[in-house]
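Subject: Handing over the structure

Dear colleague,

I am passing a structure on to you, and below it you will find notes on what turned up in it. Please read them with the structure open beside you.

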Amino acid sequence: MSHRLGDLLVKEKVITKEQLEQALKVQKESGARLGSILVKLGYLSDEDVTNFLSRQYGVPAINLTYFEIDPTVVKLIPYETAKRYQILPLSRVGASLTIAMVDPTNVFAMDDIKFMTGFNIEPVVASESSILEGIEKAYGATHEEDLEKVMMSMTEGVDTDVELQSEEEEKGLSELEKAADEAPIVKLVNLILTDAVKRGASDIHVEPYEKEYRVRFRVDGMLLTIMSPPMKLKDAITSRIKIMAKLDISEKRLPQDGRIMLKVNLGGRKKQLDYRVSTLPTLWGEKIVMRLLDKENLRLDMTKLGFEQDSLTKFEKAILKPYGMVLVTGPTGSGKTNTLYSAISRLNQPDTNIMTAEDPVEFQLAGVNQVQMKESIGLNFAAALRAFLRQDPNIILVGEIRDFETAEIAIKAALTGHLVLSTLHTNGAPETISRLMNMGIEPFLVATSVHMIVAQRLVRRICSECKAEVDLPPQALIEAGFTPEETKTVKVSKGKGCGVCNNTGYKGRCGLYEVMEIDDDIRELILVGASAVELKKKAVERGMITLRRSGLVKVMTGATTLEEVARETVH
């Protein structure tokens, strides 16, 4: 805008050509705004500049000295954004937000604020000095002080040393980067990332709302609010995380996915961490979710997953067959990937070619050929599967069967001498058969190719430090699924809540498993188009332990509570 403003001022005979040249020379050296330089040089007053811009662009001018700013409106725009664009929110009427600006032609600022707040922007012109003064007054204490307070409340004397595994950081918008690289912001983001590891979190949620900015951790499947940083830090925290994840910090309107690789010194022990980062534009800014992929939490020993002995024997027998399909089903976050990785680790031998198609590749397994899906270039599960069949595989893992095409190729692979492992989103093992048929797969293909279906859920373990027995009436136990004979001997436990388990009564998780073997009797039912209910009845007759029964066994052994089993399974 500077040249245009200068030319207009000369044209209107407000300043001379010589004065403009002198001001532009100073601007070249200092990089400041032309209007403020003209004021400093004494050629114009603040009022002259604002009145001129007001007349020129048909935007009202305002003297902030006499204006009472609405404190609720100030909260709509973070401090960093106000400072960066030199703007000050003044008032709001209906869907219109009035902001004071130094430069009323800055459409980028107006677009950004419109997207951030969801309001129509009505600009008014004010002088640079009065806006900067107004920002400091309206936003109160500096954001560095706020940060220190938040960090102090979150932790005392934490010994963490964090370094980004790869430091090739792309340069985006310089101001955002500057805010993101400020020491307190870097410290806070590092603290959030390392605190998640210490608390045993699986996911970190960083969420902006209209009047609140919060950070939540998912610990043992439950979301806990950890902290609420000041609203004005929103942009800086978001930018810092995006820089670390190699994302485009100027792109705020589309979802993005990235990865943060860290080397962390936690209490004197070097640890390598991997975070999967996903950003999503919401009404009040970008929500960021980071999935913590900690190799140490990956249990590859199948005996420690929580299978009942009978179920584990059946599962091992199925994955050791030379061909056929083994499906693992359950909702997101139920541990399906862990079960499949355990199966692959059990089968991983030097004489076996294992190929996996995953979206995304969560953990790198030595000796396994893992392929990351890229939908944008046409590399989906079906395309990867076709390629795998030309790569002489013994065992194929397909991350998820989502459509008919993937299901069809996977079944053909299972029928032509390959062992195929995959996942599907269904509620239980018998329902998986119906799901495949609904996708368009012929009953005879399902019956001949699928050898086993495992349905699973994760429940929280009772904290061993505060575990105590509780008395429950026999009727409540019978309603939960225990037999009248079992109610005489069963002992139910619960966690009282202590410092170790954050007063929740739970620490860690274990799996519930429903293992359905497809034998000849069940094959016949599939061929005649039996319903999921009939299949379940027959499977139970043949010795299948249902999800609910698996949960009740865990209650009897004191691993979990009846509430957890009731939350995750149906009777």
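In helix α21, which spans residues 520-527, the buried residues are Ile522, Arg523 and Ile526; helices here are DSSP runs of H or I with at least four residues, strands are runs of E with at least two, and both are numbered from the N terminus, while buried means under 20% relative accessible area, exposed over 50% and partly exposed in between, with a 1.4 Å probe and protein chains only. Looking down the axis of α21, the buried residues fall within an arc of 105°, so they line one face of the helix, the arc being that of the directions from the helix axis to the C-beta atoms. Asp520 and Glu524, on the other side of α21, are exposed. The buried residues pack against α17 (429-438), α18 (443-449), β16 (450-462), β19 (506-517) and α22 (532-541), where contact means heavy atoms within 4.5 Å. After α21 comes Gly529, with a positive phi near 75°.

Please keep in mind that this is a predicted model, in which local features need pLDDT of at least 70 and side-chain atom pairs count only at pLDDT 80 or more, whereas totals for chains, interfaces and linings use all residues. Residues are numbered from 1 along each chain as its sequence is written, and side-chain values use heavy atoms, with hydrogens and water left out.

Strand β19 also belongs to an open sheet of 7 strands with mixed pairing, in the order β13-β12-β14-β15-β11-β16-β19; two strands count as paired if DSSP finds at least two bridges between them. At the edges are β13 (369-372) and β19, each of which pairs on one side only. Neighbouring strands of this sheet are turned by 20° against each other on average, direction ignored; for such angles, axes are lines fitted to C-alpha atoms, for helices over the stretch in contact, and angles run from 0 to 180 degrees between N-to-C directions. Within the sheet, β12 (residues 354-358) and β14 (residues 395-398) run parallel and are joined by 4 bridges, with Thr356 opposite Leu397 in β14.

Strand β2 (residues 96-101) runs parallel to β3, and 6 bridges join them, with Ser96 standing opposite Asn120 in β3.

Next come two hairpins that share β9. Strands β8 (residues 256-266) and β9 (residues 269-282) pair in the antiparallel sense over 11 bridges, and 2 residues lie between them in the hairpin, where Gly267 in the turn has a positive phi of about 55°. β9 then pairs with β10 (residues 285-293), again antiparallel, over 9 bridges, and this hairpin also has 2 residues between its strands.

Finally, helices α11 (residues 183-198) and α12 (residues 234-244) pack at an angle of about 70°, with their axes 10 Å apart.

With kind regards
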